[in-house]
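Biologist: Can we go through the rings and the nonpolar cores in this one? Keep it simple, please.
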Amino acid sequence: MRLFWSVILLVMFVPQWMGLGQAPLLDPQAPFSLRPVALYPAAPARRRLGALVFERGYRLTSRDPEFGGFSAMLTDGHAFTLLSDSGQGVRFRLDTHGRVQGGAVFALPRLPRGGWHGEDRDSEALTRDPAGHMWVSFETVNEIWRYAPGFARAEGHVAPPAMTRWDENRGAEAFTRLASGRFVAIDENEVSPGEGCEGVVFLTDPVRAPRRGFRFRYLPPAGYKPTDIAELPDGRLVLLNRRADLGEGFTAIVTLLPKGAIRPGSLARGHPIARFAAPAQHDNFEAIAVVSEPDAIKLWIASDNNQYWFEESLLLEFRLDEAALPPPLRRVTPPLRPAPASSSPRASAGARAATADRPRS
């Protein structure tokens with residue numbers, strides 16, 4: 001078994017593009033489908049994993065050998081955009097019965113260095129703003145690109161100075177835009193064991209102002225590397241962390257950061273809330289997205305199959321169980337405040353503006 005995983009890990013982490021020509025593209029004519037899966041294949045009735053309660057799950061399949069590799073995701077719980085680590089992806093809508101509607105393949109309109117080789121297409125994370133503009137972080141080149149809504153065109157790109165020294169194959173795996181308008185990027189590689197992974201907070205769009213921000217570090221669970229990050233409605237941050245182990249294969253841990261944990265020069269420690277390992281579904285999980293519903297917070301998690309037969313493209317939905325979290329990690333409830341002495345429209349507008357401008361992290 002150890003020999004098997006040694007060979008597998010060697011194949012996985014040696015770039016497939018070495019010595020090859022143009023990177024292969026998805027076949028736009030090849031359909032894909034979703035098939036239901038259980039969280040615990042041998043015990044489908046089991047639905048809990050730490051502080052997460054399983055809602056539903058699917059395995060994505062296609063006859064196209066290039067299908068999969070999903071390392072980034074955007075969703076509102078109905079419409080999905082899954083971006084692979086080759087600058088390509090799929091869009092679809094998912095109804096409550098797990099039926100795919102409007103499934104389509106897409107490719108980013110422009111890529112680093114023309115996108116001819118695989119190392120130029122290594123897209124690892126995806127985020128957006130309320131207007132629909134998209135930002136994609138690329139490994140190898142350590143760049144961030146901004147695209148128009150729907151990936152209609154590339155609007156700009158930058159290689160932030162703070163990310164220049166990050167390992168070319170372990171760059172900004174975790175990257176997201178916060179509700180405050182700030183952006184958070186985290187390197188996959190720890191500086192050294194116990195010292196955390198380097199992170200950067202950009203105070204605004206990094207493509208426009210790559211030098212406005214501050215550094216921090218994120219400490220993942222021992223032996224794990226951060227692969228994605230998302231913000232909860234109240235400002236807490238949830239991170240997906242992955243490990244490839246000779247004995248267990250792929251495992252993953254979801255961690256939660258209290259609001260305000262990321263500050264200039266801080267070491268933000270992730271608190272584990274769920275671990276994906278046998279007998280539960282466990283794979284190369286690389287993407288996480290948050291969906292806020294009136295009575296629940298949902299987490300969607302997706303895996304990158306690397307186009308290998310022994311990995312799968314999984315899409316799993318969970319409900320965050322607040323009662324299962326320790327008090328410091330539970331939902332942040334704004335304290336009640338007395339009404340201001342003046343209730344004039346001008347005073348109320350000023351109070352709202354002051355609240356809106358307050359940093360979220």
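Biologist: How many aromatic pairs does the structure hold?
Modeller: The structure holds 14. Rings of Phe, Tyr and Trp (its six-membered ring) pair if their centres lie within 6.5 Å; planes under 30 degrees apart are stacked, over 60 edge-to-face, and the rest tilted. This is a predicted model: local features need pLDDT of at least 70 and side-chain atom pairs count only at pLDDT 80 or more, while totals for chains, interfaces and linings use all residues. Residues are numbered from 1 along each chain as its sequence is written, and side-chain values use heavy atoms, leaving out hydrogens and water.
Biologist: Why is the pair of F276 and F285 tilted?
Modeller: Their planes are at 55°, so the pair is tilted, and the ring centres are 5.0 Å apart.
Biologist: Are F276 and F285 buried or exposed?
Modeller: Both are buried (under 20% relative accessible area; exposed is over 50%, partly exposed in between; 1.4 Å probe, protein chains only).
Biologist: Which residues do ring pairs link into a cluster?
Modeller: The cluster joins F32, F67, F70, F80, F92 and W300.
Biologist: New topic. Which residues touch the most other members of the largest nonpolar core?
Modeller: In that core of 30 residues, they are L52, V238, V254, I273 and F276. A nonpolar core is a set of buried Ala, Val, Leu, Ile, Met, Phe, Trp, Tyr and Cys residues joined through side-chain atoms within 4.5 Å.
Biologist: What about a second core?
Modeller: A separate one has 19 residues, including F32, Y58, F92 and A302.
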